[in-house]
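Thanks for asking me to look this over. Here are my notes, written to be read with the model open beside you.

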Amino acid sequence: MAVFFVVIMMCNCMAVKATEAKEIPFKITQLEDDPAADKPDYEVHINRAQNFTVVYAQDAMGEFTVPVIKFTNSTGRNNWTPLGSYTIYEKYSDWKLMKGNVYTQGAVRFNHGVMSHSGYYYSMDKGSLAWKEFNKLGQQASSGCVRSAAIDSLWIYNNCKLGTPMIVYDDPNDPGPFGELHTVKIPEDSPYRGWDPTDPDPENPWREVRPILHLTSNGANGKVLTLPLGSSIEDVEARIGLFTSEGVPYTTEDYDLEIYGIYDLSTPGQYELYVRGFDLATTLRADETFVLQVIP
C-alpha cells in the first residue's frame, strides 16, 4: 500500500456551546484550556545541527514514525539549545514577553527557559518584526529557543497539545523526510519588512504581493481535489498551481511545491493536504489547505 504524508493546518479548538465564548487563559498549563486538546498525538523532532523541525504522527503500532510536516527554524547559536527529550508543559495564547523586552507569537515552553516560537518583535505590533533575524532561519541564531516563521510556530501551538514530546538532537548528515526546504527571505528594501511574510493575519500587507495557490480545473472544485484510486503524487502536483498576486499563472519552472499531511492514494477517502507554494525568484511563500477526495 502506497502511503503519502501531508499536513493538517486548521486549529480545532475545544467545542463549546454556540452561545458561549471559550476563554483561553494567557498561560495555558491545563489540557482543558489547550486549543490543541482534541488534536491527534504528535512527536516533535528538532534537528539542532541542520535547523529544521519534523512533526511525526503515530503508525499502526503506536510508534511516532509517520512524518507529517517539516519547518525551517533557528536554534541557539553556539549550540545553546540543549539536546534531549522534553515535553510541552506551557503555552501562551497571546504575545509572550521575552528576554531583551521583545515579543513572540505561538510560544510553547518545553525546557525551562527554552521555547518554540515565532521570530521576535520589538513591540506587541505585528509590523515590528526583527526582519534581519527572521532572515537567519535555517541557521543558528537565537539565545537558545527554537524560532520558526509565524505560520509554522502557530502550527505547533494549534496542533501540539500539552504533553507533546519535543526531542532536540544533532544529525548534520541526514536531511530527514521531505527533502530540502525552501526558506523565505525578506528583502532589505521591502516596505513590508516589518511583517512576517507567512503570518496568516488578514491585515498582513504581504498579502498584496505574495503568490496564491490554486487547483487546476481538471479534477478540481474550489478547494476540493478529486482523483481516482491509484493516482500518483505526480497527479496531485499536476493539479496544484501558483498565481501571482495579480492572478497571472506561474510557469512550472518558476515555482515549487511542498505537500504535507497524511493521505493514501490507494484507499478511497477524504484527506486534508497542506500545501506551500514558493516563488523561486523572490522566495515568497503561499500556504493553503486543500481537501483531497480519492474515489474508486
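The points below go from the overall picture to single residues.

1. **Ground rules.** Please keep in mind that this is a predicted model, in which local features need pLDDT of at least 70 and side-chain atom pairs count only at pLDDT 80 or more, while totals for chains, interfaces and linings use all residues. Residues are numbered from 1 along each chain as its sequence is written, and side-chain values use heavy atoms, with hydrogens and water left out.

2. **Overall form.** The protein has three helices and 20 strands; these are DSSP runs numbered from the N terminus, with helices being H or I of at least four residues and strands E of at least two. Its radius of gyration is 19 Å, close to the 19 Å from the globule rule for 296 residues, so the protein is as compact as a globular protein of that length. (The radius is taken over C-alpha atoms, and the rule is 2.2 Å times the number of residues to the power 0.38.) Along the principal axes, the C-alpha atoms fill a box of roughly 55 × 50 × 50 Å.

3. **Surface and interior.** Of the 296 residues, 50% are buried; buried means under 20% relative accessible area, exposed over 50%, and partly exposed in between, with a 1.4 Å probe and protein chains only. The protein exposes about 13,800 Å², and carbon and sulfur atoms supply 52% of that area, as computed by the Shrake-Rupley method with a 1.4 Å probe, where for residues only the protein chains shown count as cover. Among contacts with a separation of 6 or more, 64% join residues 24 or more positions apart; a contact means heavy atoms within 4.5 Å.

4. Ten strands make an open sheet of mixed pairing, in the order 2-7-10-11-12-5-4-3-13-6. Two strands pair if DSSP finds at least two bridges between them. Strand 2 (27–28) and strand 6 (84–87) are the edges, each pairing on one side only. Towards one end, strand 7 (residues 90–92) and strand 10 (residues 108–111) pair in the antiparallel sense over two bridges, with Arg 109 as the bridge partner of Glu 90.

5. **Strand 13 and its two neighbours.** Which way does strand 13 pair with strand 3? The sense is parallel, over four bridges, and His 45 stands opposite Ile 167. With strand 6 the pairing is antiparallel, also over four bridges, and there Gly 84 stands opposite Val 168.

6. **Helix 2.** Helix 2 (residues 150–159) lies across several strands of the sheet, including strand 5 (64–74), to which it runs at about 140°. Axes are lines fitted to C-alpha atoms, for helices over the stretch in contact, and angles run from 0 to 180 degrees between N-to-C directions. Ten of the ten residues of helix 2 are buried, so the helix is largely enclosed by the rest of the structure.

7. **Aromatic pairs.** There are nine aromatic pairs in the whole structure. The ring centres of Tyr 192 and Trp 206 are 5.5 Å apart with planes at 70°, so this pair is edge-to-face. (Rings of Phe, Tyr and Trp, its six-membered ring, pair if their centres lie within 6.5 Å; planes under 30 degrees apart are stacked, over 60 edge-to-face, and the rest tilted.) Both residues are buried. Elsewhere, ring pairs link Tyr 42, Phe 71 and Trp 155 into a cluster.

8. **Two asparagines with positive phi.** Asn 51, in the loop between strand 3 and strand 4, has a phi near 60° and is buried at 3% relative accessible area. Asn 101 has a positive phi of about 55° and sits in the loop between strand 8 (96–98) and strand 9 (102–104). Is Asn 101 buried or exposed? Asn 101 is exposed, with a relative accessible area of 59%.

9. **Pro 228.** This residue lies in strand 16 (residues 224–228) and is partly exposed at 46% relative accessibility. Leaving aside neighbours within four places in sequence, Pro 228 is in contact with Val 294 and Ile 295.
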